[in-house]
Amino acid sequence: MKLKINDTLKREKTEFVPKNPERVTMYVCGPTVYNYAHIGNARPVVVFDVLFRLLRALYGEQHVVYARNITDVDDKINQKAIAEGVDIDIITSKFADIYNADMKALGALEPTLQPRVTQNMNAIVAQIAALVRNGHAYAAEGHVLFDVESYKAYGSLSNRSLDDMIAGARVEVAPYKKNPQDFVLWKPSKPGEPRWPSPWGEGRPGWHIECSAMIEANLGLPIDIHGGGHDLVFPHHENEIAQGVCAQHGHSHNEETYARYWMHNGFLTMDSEKMSKSIGNVQLVHELIKHFPGEVLRVALLSAHYRAPLDWTQDLLTQTHKRLDGLYGALRRAADVEQVEAGVPDAVLEALCDDLSTPRALAELSVLANALETAEAADKPRLKAQLLAAGALLGVLQGDADAWFKAGADDDLTAKVEALLVARKEARAAKNWAEADRIRDELNALNVEVMDGPTGATWKVKTGA
RNA sequence: GGCCUGAUGGCGGAGCGGUUACGCAGCGGAUUGCAAAUCCGUGUAGCCCGGUUCGACUCCGGGUCAGGCCUCCA
């Protein structure tokens with residue numbers, strides 16, 4: 001099946017053809033590790049995790065290399081380290097670990113590679129040196145700056161001309177810049193800040209060079225897919241292209257020599273408002289996973305197309321939770337159905353191959369669940385296997401179905417419920433409906449819902465409204 | 001000012017030039033001791049104005065509204 005993706009650079013939906021199907025490469029901009037990740041940070045992680053899974057399904061697990069960097073050199077990290085009186089690696093290793101644990105809770109696979117800036121300093125310096133050598137960068141007052149005038153395709157990703165940028169510029173222009181839009185590749189460290197040696201003096205890299213250098217060093221150019229949040233189109237990705245292209249010897253001003261496809265996810269709003277610290281509506285993944293199964297958060301993030309804006313609301317989470325209840329319910333009722341092998345149904349594959357239409361893929365999951373519920377016994381093994389295979393591609397439905405419904409119950413409650421169900425079973429056998437209903441009321445009071453079936457009663461912790 | 005999205009039924013959210021998206025909620029029915037769960041059925045949606053067409057939610061033009069980026073930012 002052919003994968004089509006909407007390429008930000010080409011501004012159209014095009015067929016994805018990897019440079020080398022034996023080694024498909026993808027890079028997604030990862031976190032700067034100085035704080036907890038919020039739910040907005042998680043959207044690209046989950047979206048590109050689905051793409052990672054899809055690429056593995058299409059090209060084979062061994063043929064996809066996915067890198068998601070960790071930025072562990074940054075002003076905010078420095079500030080935090082100074083404030084706490086510790087080395088930056090105390091801060092960065094702590095929050096990198098938390099980040100990885102949080103993303104794992106959202107069902108994201110580990111990327112193949114997780115390059116860190118501090119471990120790629122040689123590559124960064126080398127790329128800057130190449131840019132200077134190729135006449136695309138210049139040193140000035142301890143800084144090294146990229147000369148945007150030297151790269152004629154500059155602005156092609158964000159579709160803006162140098163003149164537009166100058167007109168819209170709101171930042172004070174440093175006097176050593178030849179052009180206001182020239183951006184920093186290397187800058188001197190302030191006293192007390194971490195520093196690394198370079199031909200231009202001790203200092204540290206600018207933000208944009210980190211990614212392009214790590215991509216070149218860890219994946220090799222050009223990569224197939226570069227992803228990230230929509231806000232990174234300009235200036236971050238625009239600058240990455242300029243660096244990545246111009247650092248190559250004898251380059252041809254061709255953007256595709258850096259990354260062949262660009263994908264950007266839309267933003268999350270919180271109850272229709274932009275997430276911001278000043279509004280106080282920032283929701284951290286670390287907190288959310290205490291209140292909701294990670295899978296609910298994951299499916300909620302995938303409920304809208306990745307390029308569309310997504311409004312994050314309580315109602316979205318409630319609806320998503322109930323939707324997953326329905327899917328897991330079908331699997332729970334099929335618990336005794338024989339395990340067989342089956343591939344991902346075409347409808348699901350087609351949806352995902354159509355620019356990663358997760359809403360459609362999720363809809364197909366519901367169709368499959370319904371088919372499983374209503375199928376003849378002979379068809380159930382295949383349908384169950386297909387539902388699970390489709391779920392695996394999306395990174396959902398892989399948990400134990402019975403456990404899904406009892407996740408909110410501790411051992412104490414479970415024992416209590418089981419005891420009450422035994423008593424209720426006896427009452428029902430004796431046709432003592434009053435007692436049976438009384439027990440059910442008691443269970444309801446414990447926030448437990450009973451479901452009678454032909455083979456006895458099952459139960460679940462009620463899904464909060 | 002420049003660049004870029006989006007506007008679908010009570011809510012979320014797709015595809016499609018003429019035929020059921022899907023989910024949540026609601027309603028009717030089956031089932032149930034009664035429920036729940038499940039199943040079956042059920043909604044004269046498509047921002048506005050033009051145009052193309054035998055026919056437009058779907059294509060084209062214009063408008064309105066909303067949001068994002070242009071500064072660290074997923």
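Which residues lie nearest the centre of the largest pocket? Some notes on that and on the domain contact follow.

1. A word on the basis: this is a predicted model, where local features need pLDDT of at least 70, side-chain atom pairs count only at pLDDT 80 or more, and totals for chains, interfaces and linings use all residues. Side-chain values use heavy atoms, with hydrogens and water left out.

2. Thr32, Tyr34, His38, Asn41 and Asp231 are the ones nearest the pocket centre, out of 39 lining residues. A pocket here is an open set of points on a 1 Å grid over the protein atoms alone, where a 1.4 Å probe fits, with protein on both sides within 12 Å along at least five of seven lines; lining residues have an atom within 4 Å of a point.

3. The lining draws at least two residues from each of α1 (39-59), α3 (88-105), α6 (207-218) and β9 (223-229). Of these, α1 gives the largest share, five residues. Helices are DSSP runs of H or I with at least four residues, and strands are runs of E with at least two, numbered from the N terminus.

4. Further along chain A, the assignment gives domain 1 (313-403) and domain 2 (406-461); such bounds come from an automatic or database assignment. Four residues of domain 1 and six residues of domain 2 make the contact, meaning heavy atoms within 4.5 Å.

5. Two salt bridges are counted between the domains. Asp325 pairs with Lys460 in a salt bridge, with the closest N and O atoms 3.7 Å apart; the term asks for a side-chain nitrogen of Lys or Arg within 4 Å of a carboxyl oxygen of Asp or Glu.

Key:
Residues are numbered from 1 along each chain as its sequence is written. Chains are lettered from A and ligands numbered from 1 in the order in which they are written.
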